[in-house]
Amino acid sequence: MKNLFYLEDSLIPKTDSLDSVDKAPSDFQPFLQSPDVLKVVNLPTIRGQVNGLSLVVSNLERTRTEWTSRCNILSCSAHSHGESEWNLKNLFCGWVDVDLSAKGREEAVTSGQALKQAGLKFDLAFTSLLKRAHQTLDIVLREIGQTDLPVVKSWRLNERHYGGLTGLNKADAAAKYGDKQVQIWRRSYNVPPPVMEEDHPMNNVIVNNPKFSMIRKEDFPRVESLETTQRRVVAFWTEEIVPRIKERKRVLVVAHGTSLRGLVKYLEGMANIVVVMF
């Protein structure tokens, strides 16, 4: 489980990237050499990258209207949860509320240790309503010694709802619908899988989850594409996270691979055709 971090302006030189660790301050060379670090970047615009597990945004200066000032401090570190029990079983999970696997807990420990090694501290954390994200966040906060950090939970950071694919083994889904079609559903921007019908074995499990009781009926999805997932995640980012960053709060976000993928597409201004390969 690799993690992408952006460090404070004052801690790294003014360069597009730190591909050569000898450019970095000596205190950070061991951190940059760690296999848990994918890349460290310092640019005058938002940069994001997802390796399937993590996103980080920092040094905010954007032409979009919400960016009216520049933050020269670490702004946001965001990570997906580690492997869940259903990831281990190769099942489409989405809104089913499953635990982390043993490997997922180990990945969360590694992520927290990397944050600790970097000396990063936070003022506020955001996460979804799903316990695999909660468990990841709890482990990370324990590792960095901030178990009392205020946490905001929202369904709008939930993983994508996989509709009728939910609970299916991914190999079985490919055999049933064709590998090409399943890949389109998984990776495309605006092509959703089949809707979850009321007689789907996971429908009542999701709809009757008390964690979701505050979601308005008209907002409760039966299936989502990356586009519809992105819409709710970006709304939450703009309404709830951006104002905290503008207050110069150091924000930690623990969410899910697809929800973060949608956020990165927005921040990077990626074309729909590009995100298919992302």
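Which residues of the largest nonpolar core touch the most other members? In the predicted model, this core comprises 17 residues, of which Phe-126, Leu-157, Trp-237, Ile-241, Val-253 and Leu-263 have contacts with the most other members. At least two residues of the core are supplied by each of strand 5 (124–127), helix 8 (226–246), strand 7 (251–255) and helix 9 (257–268), and helix 8 provides the largest share, with 7 residues. Leaving aside residues up to four places away in sequence, Leu-157 touches Phe-126, Thr-127, Ser-128, Arg-232, Val-233, Phe-236, Val-253, Ala-255, His-256 and Ser-259.

The UniProt annotation "active site", taken from an unreviewed entry, covers His-81 and Glu-159. Glu-159 lies in the loop between strand 6 (151–153) and helix 5 (170–177). With a relative accessible area of 10%, Glu-159 falls under the 20% cut-off and is therefore classed as buried. When residues up to four places away in sequence are not counted, the contacts of Glu-159 include Gly-94, Trp-95, Leu-130, Arg-132 and Glu-224, together with Arg-232, His-256, Gly-257, Thr-258 and Ser-259.

For the protein chain overall, 10 helices and 7 strands are assigned, and buried residues account for 53% of its 278 residues. Of the contacts between residues at least 6 apart in sequence, 75% join residues at least 24 apart. The accessible surface of the chain amounts to about 12,400 Å², and carbon and sulfur atoms contribute 49% of this area.

Note on methods. Residues are numbered from 1 along each chain as its sequence is written. This is a predicted model: local features need pLDDT of at least 70, side-chain atom pairs count only at pLDDT 80 or more; totals for chains, interfaces and linings use all residues. Side-chain values use heavy atoms; hydrogens and water are left out. A nonpolar core is a set of buried Ala, Val, Leu, Ile, Met, Phe, Trp, Tyr and Cys residues joined through side-chain atoms within 4.5 Å. Buried means under 20% relative accessible area, exposed over 50%, partly exposed in between (1.4 Å probe, protein chains only). Helices (H or I, at least four residues) and strands (E, at least two) are DSSP runs, numbered from the N terminus. Contact means heavy atoms within 4.5 Å. UniProt positions are given in the numbering used here, feature names are shortened, and annotations may be inferred rather than shown by experiment. Accessible areas come from the Shrake-Rupley method with a 1.4 Å probe; for residues, only the protein chains shown count as cover.
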